[in-house]
Amino acid sequence: MSPTMKRSVGVSVVFVALAAVAAFATVDIGQFSGGITEADAFIINQLLLPRILTAVLAGASLALAGAVFQSVTRNPLGSPDVLGFTQGAATGALVGIMAFGGGALVVAVSAWIGAVGSGVTIYLVARRGGVTGGARLILVGIGIAAILSAVNEYLITRANIVDAAAATVWITGSLDGSTWSGVVILAAVTFLLAPCLLLTSRSLRVLELGDDLAIGLGLGVEKVRLLTLTGAVLLAATAASQTGPVAFLALCAPHLARRLTRRTGPNLVPTLLLGAALMLWADYISQHAIPNRVLPAGVVTGVLGGGYLVYLLAHQRKTGQI
Amino acid sequence: MTTRRAHPARCRAVGLPAALAALLVVCVLSLAIGALPLAPSAVWHGLADPASGAYAVVHQTRLPRTLLGLLAGTALGLAGAVMQALTRNPLADPGLLGVNAGASAAVVTATALLGISSLSGYIWFALGGAALVSVLIYAIGGGASSTPARLALAGTAVNAALYSYVAALELLDTGALDKMRFWTVGSIAAAEPGTVLRITPFILLGTVLALGCAKPLNTLALGDEAATALGAKPALTRGVAIAAIVLLCGSATAACGPIVFVGLMVPQVAARITGPDLRWLLPYSAILAPVLLLGADIVGRVVARPSELEVGIITAVIGGPVFLLTVVGRERA
């Protein structure tokens, strides 16, 4: 095992430990020291466990999708948050909340449709002559994102204030509505798609070298791009349909993982674990940061992630990566 | 050389009166069209004659709205043109690069946390927010390794960060959400005479600064070394240009909310008429941008009767495809 590989494994173990600590903190084992009553059992089984599992699965899915997006666009900022995908999910959810009354299932389905729809649109517009360059994918994504955010702003002005508040919570990303049925859907999609994406790790690493070099090395560039992006879009859409597009998780997790493991390439496994840990911690902090106020988890990732992003922009400019 | 120059020169000279005429037509239409349609003669009476039935409509709602559209349009068009020259990037736009979002985040902070709700109070916050983001984006975009995609991406990421900050504040305070959700769309519908008066000095100053740095910016386009050899002062020019962008974007955003794509589209259209010379490009942008903004506002009043679509939505829906076409066109060139 090479030293970088060892470090990578070590960092992954730390991420798992961090996730476990956050999960225990969320359940707050200490409060049940006097024995578990029936009411406590209900809270643990029906509220806290689905919440924790949703956080783990959705966090891992979003982070993995972000890593794939960044790898394919060859840019550390090329995450679903920036490329119109999040906005598409939000448009879907807003339509679900405003037109169909906003049941959990309706919002999940309409957000999923919106996310996948915007993903397909961006890919088709960016594709010319059978090639989807990284830069074109980014610029097309930004254009679509700008149009969709205007549509979203418009929808929010047309909603009544209760729907508008619900929509803002959803767009920010929250774990409050976690249920066992949601966990089952998430688990099915994650366990199906995540292993497939992990297997493409080697191809993604070659793709990062640039199209010319990758083709020279015998990689079916366009096929890899299409397959990995499809997987990433489906994964992120399913996660976003359950929790909302938690801001910046998909952008920051791959980046932090890469810095900590000091490995080049997509670093998919550490990213996935870090995504789960970050989501759990964001949820824990959002529940406890302000006394008597419960915030959506996306507020924490948004504010911390935004700060990290500004640091990243200032720092990485020197190396010319951004 | 002379034959190649003759054509744009003639175009520029003929185009300027034509652009002014278009602006006049749009202003009259903006005064005439709305929930109560007025004939052009009625508009004239409404403007001049206090006894006319249309006097109240024209003076209290349509005139401020039209003037605000004029001011904000000019501001955004000029800011976009200066920004594109400064970053040497055809995709630069104060909305897309987050300058308007910076102003908007500062205004929401002032409203939600400090309880400031009047324009005269929060315009200073808007200017401060615009200044912060301008400097940040310029620091990112000014590097030698910057490409259009990188700059646009950095701007969008800053936009997303500011958006989640605004959403966090709105979630903490539903009252702020109710107020701000209308403002964050970008609209000139709620204009009052006071709003127009308050932002006029800022926009005038910004316009003067922007037009004043046209010639030095032309020289800077040759590259810093050549420009310095010709007697230019790159640092001073850039400072003045950024100050102009901050004044223009900050005050326009304080009055109308963040509006995207006007600053992107107009300089690109204007450059087709004038070529890259900023001494022509800037005045053209200043005249054509309000034509677009007021035109979009009029479309918004007509398409969704009896209610209205905010102008920020119309400009985004027109501007998004223009942006996509620019991207495709650049790659082809």
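**Note on the predicted two-chain model**

1. In this predicted model, 37 residues of chain B are in contact with 41 residues of chain A; two residues are in contact if their C-beta atoms, placed from the backbone, lie within 7 Å. On the chain B side, α6 (148-172), α7 (174-183) and α14 (311-332) each supply at least two of the residues that touch chain A. The largest share, 15 residues, comes from α6(B). Helices (H or I, at least four residues) and strands (E, at least two) are DSSP runs, numbered from the N terminus.

2. By class, the side of chain B that touches chain A divides into 23 nonpolar, eight polar and six charged residues. Here Ala, Val, Leu, Ile, Met, Phe, Trp, Tyr, Cys and Pro count as nonpolar, Asp, Glu, Lys and Arg as charged, and the others, Gly among them, as polar.

3. Conventions are as follows. Residues are numbered from 1 along each chain as its sequence is written, and chains are lettered from A and ligands numbered from 1 in the order in which they are written. Because the model is predicted, local features need pLDDT of at least 70 and side-chain atom pairs count only at pLDDT 80 or more, whereas totals for chains, interfaces and linings use all residues.

4. Within chain B, the axes of helix α2 (residues 40-48) and helix α3 (residues 55-87) come within 7 Å and cross at roughly 75°. Axes are lines fitted to C-alpha atoms, for helices over the stretch in contact, with angles running from 0 to 180 degrees between N-to-C directions. α2(B) and α3(B) are therefore roughly perpendicular to each other (65 to 115 degrees). V43(B), G46(B) and L47(B) of α2(B) make the contact with Y55(B), V57(B) and V58(B) of α3(B).

5. In the model, residues 152-172 of chain B are 100% helix and 0% strand, with end C-alpha atoms 30 Å apart. Residues 278-299 of chain B are likewise 100% helix and 0% strand, and their end C-alpha atoms lie 30 Å apart.

6. Chain A has 13 helices and zero strands. Its C-alpha trace spans about 65 × 55 × 35 Å along the principal axes. Of the contacts in chain A with a separation of 6 or more, 78% are accounted for by residues 24 or more positions apart.

Notes. Angles under 35 degrees count as roughly parallel, over 145 as roughly antiparallel, 65 to 115 as roughly perpendicular and the rest as oblique.
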